[in-house]
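Subject: Structure for you to look at

Hello,

Here is the structure I promised. Please open it and keep it beside this email as you read.

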Amino acid sequence: MRNEVWSEIGTFLNGLRCGNVKRESYIQLSEVAEAEEQKKEAQKIFLKAMDSMETSKRKSIEDYMEKLKHLAFVEEEQAYCQGYVDCIQLLAGLGVLIDSPDIKKLLEKIKN
């Protein structure tokens with residue numbers, strides 16, 4: 001049950017996150033663009049170094065990099081979900097959302 005809930009929530013949130021980047025509420029930090037540019041420069045150097053490595057070492061590094069990418073993705077997804085939980089709690093605390101058992105169930109499902 002837990003994995004099914006996270007799968008559904010993850011699919012929903014990923015749709016929001018990756019959907020319309022032209023929407024008015026979309027946030028684009030300047031630091032992201034700068035970091036992407038730095039990554040491109042470092043990637044050029046990295047690819048040259050990878051080309052000179054033997055296959056087994058290159059494979060080990062590629063496997064490690066895939067695990068890093070996956071970790072970054074799930075950490076981002078977790079932070080995104082945490083933001084939703086924080087917003088729900090904020091709205092409930094302000095009285096905008098009525099404190100109900102359904103909201104508490106939703107928060108529990110998201111946290112577990």
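Lys59 and Asp63 both sit in helix H3, four residues apart, about one turn of the helix. Helices (H or I, at least four residues) are DSSP runs, numbered from the N terminus. The side chains of Lys59 and Asp63 meet in a salt bridge, at 3.0 Å from N to O. A salt bridge here is a side-chain nitrogen of Lys or Arg within 4 Å of a carboxyl oxygen of Asp or Glu. Side chains of opposite charge can pair when their charged atoms come close. Lys59 is partly exposed, at 46% relative accessible area. Asp63 is partly exposed too, at 34%. The cut-offs are these: buried is under 20% relative accessible area, exposed is over 50%, and partly exposed lies in between (1.4 Å probe, protein chains only).

Before you go on, note that this is a predicted model: local features need pLDDT of at least 70, side-chain atom pairs count only at pLDDT 80 or more, and totals for chains, interfaces and linings use all residues. Residues are numbered from 1 along each chain as its sequence is written, and side-chain values use heavy atoms, with hydrogens and water left out.

How many salt bridges are there by this rule? The count is three. Lys69 pairs with Glu66, and their closest N and O atoms are 3.7 Å apart. These two are three residues apart in helix H3, so about one helical turn separates them. Glu66 is partly exposed, at 48% relative accessibility. Lys44 and Glu41 form a salt bridge as well, at 3.6 Å from N to O. Both lie in helix H2 (residues 30-51), three residues apart, about one turn of the helix. Glu41 is partly exposed, at 42%.

Now the whole chain. It has four helices and zero strands. From the N terminus on, the elements run α-α-α-α. Of its 112 residues, 12% count as buried. The accessible surface is about 9,400 Å², and 59% of that belongs to carbon and sulfur atoms. These areas come from the Shrake-Rupley method with a 1.4 Å probe; for residues, only the protein chains shown count as cover.

Which residues make up the largest nonpolar core? There are six: Cys81, Val85, Ile88, Ile103, Leu107 and Ile110. Take Leu107. Leaving aside neighbours within four places in sequence, Leu107 is in contact (heavy atoms within 4.5 Å) with Val85, Ile88 and Gln89.

Next, the rings. There is one aromatic pair by the rule used. The rings of Tyr80 and Tyr84 have centres 5.6 Å apart and planes at 75°, so the pair is edge-to-face. Rings of Phe, Tyr and Trp (its six-membered ring) pair if their centres lie within 6.5 Å; planes under 30 degrees apart are stacked, over 60 edge-to-face, the rest tilted. Both tyrosines lie in helix H3, four residues apart. Tyr80 is partly exposed at 25%, and so is Tyr84 at 30%.

Last, Val96. It is in the loop between H3 and H4. At 57% relative accessibility, Val96 counts as exposed.

Best wishes

Key
A nonpolar core is a set of buried Ala, Val, Leu, Ile, Met, Phe, Trp, Tyr and Cys residues joined through side-chain atoms within 4.5 Å.
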